Amino acid sequence: MRKILCVGGLLALSLVIGCGSGGSSGGGASTVAASTSSSTTTTTTSTTAATTTSATTGPVGTSGRLRLLSYNVAGLPGFLSGSNPTRNTPQISPKLNSYDVVLVQEDFWYHAILAGGTTHAHESLTQTGHTTLMNDGLNRFSQPPFLLHQRTGWNDRHGVVSNSNDALSSKGFSVAVHELAPGVEVHIWNHHADAGSGQGDLTARARNFDQLANAILSFSAGQAVIVAGDTNLKDTRPSDVAVLTDFLGRVGLTDSARALGKGEFIDRVMVRSSANLTLTPVLWRHADEFQDASGNDLSDHPALNVDLDWVHTP
């Protein structure tokens, strides 16, 4: 017990692990050297139940609409979280059922509660075997079935007792191949980038997106992709703008907020079509149902809902 309390005391000095609430945490030059770890990739299976689909078949192919939610659920232990996860997580859980695919970040401490009220046919297994204090916090719930679920840790995570403490978790990215309809596949990527505004944070975050771009270009070459999550890229920081511009250009992605003329936020959903599968954002909104009875948000991030129309042409 004493050892646990000591770890908790260490964490409490820096408040949050890489949450990047509002996209900025800390400031000034780094006082802790960057923590660099070799990238590791793990492959897991998903739990399965009955499969549902919103696809329709017409004379020129198959089409449908995918309701996607990306949500940083602030799932750190309550005394460290920027939210109140003990109270809020049970309220978040059943609200996830309105969406076909849900990608969550910071699902560190309360996953059983978060999953307890969901009815999705498929969900990821939480990360195990991590050597950091926290796992990667990345999970997904899906009505369409998915295969080849893989997790990869960032090569660069900056800060242990400062600079958003990213090195205390196994933050990184994950990917799975989701089947929208028989023979219609889309690669969906979830991620949580390094947080903070110090120079070490900015450098690590730029390297995160270089690593992610390389992974997408390799694993998802020629495929339609959706990339969602907590980018921690702010449109008010020139270096972050440059990183995002380079990332979108290299991978061939469109930011759904920009496509629909919406204001930008650090939580993003980005898409790329393929030769046979066209993805078109048709709705971007902060899902305001993720509030309690008093109108308070259930996390320190808004839940981001993006609806995508898709058309598959054989």
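Author: A residue counts as buried when its relative accessible area is under 20%. V102 has a relative accessible area of 0%, so V102 is buried. That residue is the part to look at here. The model is a predicted one.

V102 is found in strand 6. Which residues does V102 contact, once its neighbours within four places in sequence are left aside? They are L69, L96, H120, N139, R140 and F141. The C-alpha atoms of V102 and L304 are separated by 9.9 Å, yet the two residues are 202 residues apart along the chain.

Now the core itself. The largest nonpolar core has 22 residues. V186, I226, V269, L277, L279 and W310 touch the most other members. Strand 17 gives the most, with 4 residues. A second core is separate and has 20 residues, including W154, V243, L244 and F247.

H111 sits in helix 3, residues 111–116. Is H111 buried or exposed? Its relative accessibility is 16%, so H111 counts as buried.

Next, strand 5. This strand runs over residues 61–72 and holds N72. N72 has 0% relative accessibility and therefore counts as buried. Its side chain reaches the backbone nitrogen of A74 at 3.1 Å. A74 lies in the loop between strand 5 and helix 2. At 1% relative accessibility, A74 is buried as well. Its backbone deserves a check. Most residues other than glycine have a negative phi. A74 is not a glycine, but its phi is positive, at about 55 degrees. L148 also has a positive phi, near 55 degrees. L148 is placed in strand 9, residues 146–153.

Helix 2 spans residues 85–95, and its buried residues are P85, N88, T89, I92 and S93. Seen down the helix axis, they fall within an arc of 145 degrees, so they line one face of helix 2. The general rule is simple: an α-helix has 3.6 residues a turn, so residues three or four places apart point the same way.

Step back to the whole chain. It has 314 residues, and 54% of them count as buried. The secondary structure comes to 6 helices and 17 strands. Among contacts with a separation of 6 or more, 74% join residues 24 or more positions apart. The chain exposes about 12,500 Å², with carbon and sulfur atoms supplying 56% of that area.

Last, confidence. The average pLDDT is 83, and 76% of the residues score at least 70. Residues 45–53 have a pLDDT below 50, and this stretch has 21 contacts in the model beyond near neighbours in sequence. Residues 159–163 are also below 50, with 22 such contacts.

Terms used: Residues are numbered from 1 along each chain as its sequence is written. This is a predicted model: local features need pLDDT of at least 70, side-chain atom pairs count only at pLDDT 80 or more; totals for chains, interfaces and linings use all residues. Side-chain values use heavy atoms; hydrogens and water are left out. Helices (H or I, at least four residues) and strands (E, at least two) are DSSP runs, numbered from the N terminus. Buried means under 20% relative accessible area, exposed over 50%, partly exposed in between (1.4 Å probe, protein chains only). A polar contact is a pair of N or O atoms within 3.5 Å; within protein, one must be able to donate a hydrogen and the other to accept it, and residues adjacent in sequence count only if both atoms are side-chain atoms. pLDDT is the predictor's confidence in each residue, from 0 to 100. Contact means heavy atoms within 4.5 Å. Accessible areas come from the Shrake-Rupley method with a 1.4 Å probe; for residues, only the protein chains shown count as cover. The arc is that of the directions from the helix axis to the C-beta atoms. A nonpolar core is a set of buried Ala, Val, Leu, Ile, Met, Phe, Trp, Tyr and Cys residues joined through side-chain atoms within 4.5 Å.
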